[in-house]
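User: I am new to this structure and would like to learn how its features are read, one at a time. Could we go through it together?

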Amino acid sequence: DSALRLPVWELLARARRAEGNAAAAIRAARGGLAVAPEYAPLLVELADLLANGATGWEEAEAPARSALAVLDRVKAPQRVGPAEWTAAVQALTARAYAAWGLVLFKRNDVAGAIRQLEAALRQQPAGDATLHYRLGRLYAVAGRTREARVALAEAARTAGAELRALARQALAGLPE
């Protein structure tokens with residue numbers, strides 16, 4: 001009954017993910033959600049894990065939507081400052097939108113995927129390189145070449161070596 005039980009489930013899920021054991025990470029996230037079904041950090045972690053998997057990704061939309069609903073109504077505890085709270089909520093919201101966008105992409109709903117990834121980017125204007133890369137690739141598929149160039153250039157500028165190479169390759173493949 002400790003107040004730490006949910007953060008412990010969250011840490012366990014992240015540790016298993018870092019080890020490359022997505023199945024154990026998903027089990028940990030679900031274990032924590034069995035205790036508190038509206039714990040936003042675990043809803044987001046589960047949505048992200050499922051969306052990025054080769055199987056089970058179809059289930060990711062539900063926890064992503066649930067997380068967004070919770071994050072929309074949750075209030076900051078008094079012990080957390082406004083700036084810290086806003087940053088945490090925005091980061092979780094961005095991850096939830098990104099997971100939902102990935103599900104839509106896997107369903108071949110390119111326009112829907114773009115909407116969700118753009119929503120993620122609005123939450124985190126600096127975004128992350130993976131988000132910019134995915135959005136750039138989706139823009140390219142949708143024929144939005146100018147926007148694809150901007151997103152892929154940002155990914156190439158901010159990503160690690162492997163993703164930077166992919167972004168540069170995608171940029172080179174765009175029509176003039």
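Predicted model: local features only at pLDDT ≥ 70, side-chain atom pairs only at ≥ 80, totals over all residues.

User: What joins Glu-10 with Arg-14, and how far apart are the closest N and O atoms?

Analyst: Side chains of opposite charge can pair when their charged atoms come close. Glu-10 and Arg-14 form a salt bridge with their closest N and O atoms 3.1 Å apart, the term meaning a side-chain nitrogen of Lys or Arg within 4 Å of a carboxyl oxygen of Asp or Glu. Glu-10 is buried at 13% relative accessibility, whereas Arg-14, at 37%, is partly exposed; buried means under 20% relative accessible area, exposed over 50%, and partly exposed in between, with a 1.4 Å probe and protein chains only.

User: Which parts of the chain does the pair of Glu-118 and Arg-144 link?

Analyst: The side chains of Glu-118 and Arg-144 meet in a salt bridge of 3.3 Å, N to O. This pair links distant parts of the chain, with Glu-118 in helix α6 and Arg-144 in the loop between α7 (129-141) and α8 (145-158), 26 residues apart.

User: At what angle do the axes of α5 and α6 cross?

Analyst: Two packed helices are described by the angle between their axes and the distance between the axes. The axes of α5 and helix α6 (residues 110-123) come within 8 Å and cross at roughly 165°, the axes being lines fitted to C-alpha atoms over the stretch in contact, with angles from 0 to 180 degrees between N-to-C directions. That crossing makes α5 roughly antiparallel to α6, because angles over 145 degrees count as roughly antiparallel, under 35 as roughly parallel, 65 to 115 as roughly perpendicular and the rest as oblique.

User: Which residues outside its sequence neighbourhood does Lys-106 contact?

Analyst: Lys-106 lies in helix α5 (residues 82-106). Leaving aside neighbours within four places in sequence, Lys-106 is in contact with Ala-51, Asn-52, Gly-53 and Trp-57, where contact means heavy atoms within 4.5 Å.

Definitions and conventions
Residues numbered from 1 in each chain as written. Heavy atoms only, no water. Helix = DSSP H or I, 4+ residues; strand = E, 2+ residues; numbered from the N terminus.
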